[in-house]
Amino acid sequence: QLQASGGGSVQAGGSLRLSCATSGRSFSFYVMGWFRQVPGKEREFVSSISWSGDKTYYADSVKGRFTISRDNAKNMVYLQMNSLKPEDTAVYYCAAERIHTTDPYQYDYWGQGTQVTVSS
């Protein structure tokens, strides 16, 4: 099971850190990803990290502003979001998959989502 948290409301330029707690099974050897979705749009890839943490991937829209990390000992994945923009407003989901992909349909395990709202 995956549990995302840390969302909230911030002004443009602010920061938030999302957390994803894993439980029930070991996701230590899974790729962990963050996705986001706004009403009426497809779920889109934000970032992902390899199981060892040595490879990270970002959507162009968040590159340089967001940082993904993981702590396998604590079963946690994080998404540090800086310089937030109104267009970052969405529900953010964490997900797990054995092989890296940016396609949300390939991910087998999903958290429940946490709302991020950025006001201008």
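Tutor: Buried means under 20% relative accessible area. Keep in mind that this is a predicted model.

Student: OK, is Cys 94 buried or exposed?

Tutor: Buried, because its relative accessible area is 1%. Cys 20 is buried too, at 0%.

Student: How many disulfides does the structure hold?

Tutor: The structure holds 1 disulfide. Cys 20 and Cys 94 form it, with their sulfur atoms 2.2 Å apart. Cys 20 sits in strand β3 and Cys 94 in strand β9, 74 residues apart, so the pair links distant parts of the chain.

Student: Is that disulfide right-handed or left-handed?

Tutor: Right-handed, because the torsion about the S-S bond is about 65°.

Student: Switching to the core. Which residues touch the most other members?

Tutor: The largest nonpolar core has 31 residues. Met 32, Trp 34, Phe 66, Leu 79, Met 81 and Tyr 92 touch the most other members. Strands that each supply at least two residues include β1, β4, β7 and β11.

Student: Which strand gives the most?

Tutor: β9, with 5 residues.

Student: What is Leu 79 in contact with?

Tutor: Leaving aside neighbours within four places in sequence, its contacts include Leu 16, Trp 34, Val 46, Phe 66, Ile 68 and Tyr 92. Arg 17, Ser 47 and Thr 67 are also among them.

Student: And where does Ser 28 lie?

Tutor: In the loop between β3 and β4. Ser 28 is buried, because its relative accessible area is 16% and the cut-off is under 20%. A 3.3 Å polar contact joins its side chain to that of Ser 26. Beyond four places in sequence, Ser 28 is in contact with Trp 51, Arg 70, Asn 72 and Asn 75.

Methods. Residues numbered from 1 in each chain as written. Predicted model: local features only at pLDDT ≥ 70, side-chain atom pairs only at ≥ 80, totals over all residues. Heavy atoms only, no water. Core = buried A, V, L, I, M, F, W, Y, C linked by side-chain atoms within 4.5 Å. Buried < 20%, exposed > 50% of the residue type's maximum accessible area, 1.4 Å probe, protein only. Helix = DSSP H or I, 4+ residues; strand = E, 2+ residues; numbered from the N terminus. Contact = heavy atoms within 4.5 Å. Polar contact = N/O pair within 3.5 Å; in protein donor to acceptor, adjacent residues only side chain to side chain. Disulfide = S-S within 2.5 Å.
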